[in-house]
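Open the model in your viewer and keep the sequence panel beside it. We will go from stop to stop, selecting a few residues each time.

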Amino acid sequence: MSASKKVGILVEFNVEDAEFVYPYYRFKEAGYAVVAIGPVKDNVYKGKHGYPMKAEVSIDDIKAEDLSALIIPGGWAPDYWRRDKRFLDLVTGVYQLGKSLAGSSP
């Protein structure tokens, strides 16, 4: 699928469950290819409220050019991502390419 229809959403232990699940399924319903991007492909991460979410793609296997948009859910997970250069590089790349970024505010 082309990058013009691919939306990435970050997933990790302690992500805010609703901020991952809702956009993940709404974008799928709208016809986008949605990929859950986590530290390790196929790993299942439990959100803050215990909901299991599976990373479909490893952060090591995706580039900003692959995506049309990137969603950064809240919870405690962003605290992990801000300390991981791989995640910082992806977010920076999406921003520098002028693609859409979405995140929750504190």
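**Stop 1: Ser 58**

Select Ser 58 and show its neighbours: leaving out residues up to four places away in sequence, Ser 58 touches Ile 37, Gly 38, Pro 39 and Lys 41. A contact here means heavy atoms within 4.5 Å. Ser 58 sits in strand E5, residues 57–58. Helices (H or I, at least four residues) and strands (E, at least two) are DSSP runs, numbered from the N terminus. Is Ser 58 buried or exposed? Ser 58 is buried, at 7% relative accessibility. Buried means under 20% relative accessible area, exposed means over 50%, and partly exposed lies in between, using a 1.4 Å probe and protein chains only.

A word on the model before moving on. This is a predicted model, in which local features need pLDDT of at least 70 and side-chain atom pairs count only at pLDDT 80 or more, while totals for chains, interfaces and linings use all residues. Residues are numbered from 1 along each chain as its sequence is written, and side-chain values use heavy atoms, with hydrogens and water left out.

**Stop 2: the sheet**

Now switch to a cartoon view. Look for five strands in an open sheet, ordered E5-E2-E1-E6-E7, with parallel pairing. Two strands pair if DSSP finds at least two bridges between them. Strands of a sheet pair through backbone hydrogen bonds, either parallel or antiparallel. Which strands are at the edges? They are E5 and E7 (100–103), and each pairs on one side only.

Zoom in on E1 and E6. These strands run parallel and are joined by three bridges. Select Ile 9 to find one partner: its bridge partner in E6 is Ile 71.

Next, select helix H1. H1 lies across E1, E2 and E6, and runs at about 170 degrees to E1. For such angles, axes are lines fitted to C-alpha atoms, for helices over the stretch in contact, and angles run from 0 to 180 degrees between N-to-C directions.

**Stop 3: the loop between E1 and H1**

Select Phe 13. Phe 13 is in the loop between E1 and H1. Phe 13 is partly exposed, at 43% relative accessibility. What does Phe 13 touch, not counting residues up to four places away in sequence? The list is Tyr 45, Lys 46, Ala 77 and Tyr 80. Now draw a distance from Phe 13 to Gly 31. Their C-alpha atoms are separated by 27 Å, and the two residues are 18 apart along the chain.

Step to Asn 14. Its loop runs between strand E1 (6–10) and helix H1 (17–29). Asn 14 has a positive phi of about 70 degrees, although it is not a glycine. Asn 14 is buried, with a relative accessible area of 15%.

**Stop 4: the salt bridges**

Side chains of opposite charge can pair when their charged atoms come close. A salt bridge is a side-chain nitrogen of Lys or Arg within 4 Å of a carboxyl oxygen of Asp or Glu. How many salt bridges are there by this rule? The count is eight. Visit three of them.

- Select Arg 26 and Glu 29. Their closest N and O atoms are 2.2 Å apart. Both are in helix H1, three residues apart, so about one helical turn separates them. Arg 26 is partly exposed at 42%, and Glu 29 is exposed at 58%.
- Select Lys 54 and Asp 42. Their closest N and O atoms are 3.8 Å apart. This pair links distant parts of the chain, twelve residues apart: Lys 54 is in strand E4 (residues 52–54), and Asp 42 is in the loop between E2 and E3. Lys 54 is partly exposed at 43%. Asp 42 also has a positive phi, near 70 degrees.
- Select Arg 86 and Asp 60. Their closest N and O atoms are 3.1 Å apart. Arg 86 is in helix H3 (residues 85–96) and Asp 60 is in the loop between E5 and strand E6 (69–72), so the pair ties together parts 26 residues apart in sequence.

**Last stop: the annotated span**

Select residues 5–102. An unreviewed UniProt entry annotates this range as "domain: DJ-1/PfpI". UniProt positions are given in the numbering used here, feature names are shortened, and annotations may be inferred rather than shown by experiment. The end C-alpha atoms of this span lie 16 Å apart, and the span is 31% helix and 27% strand.
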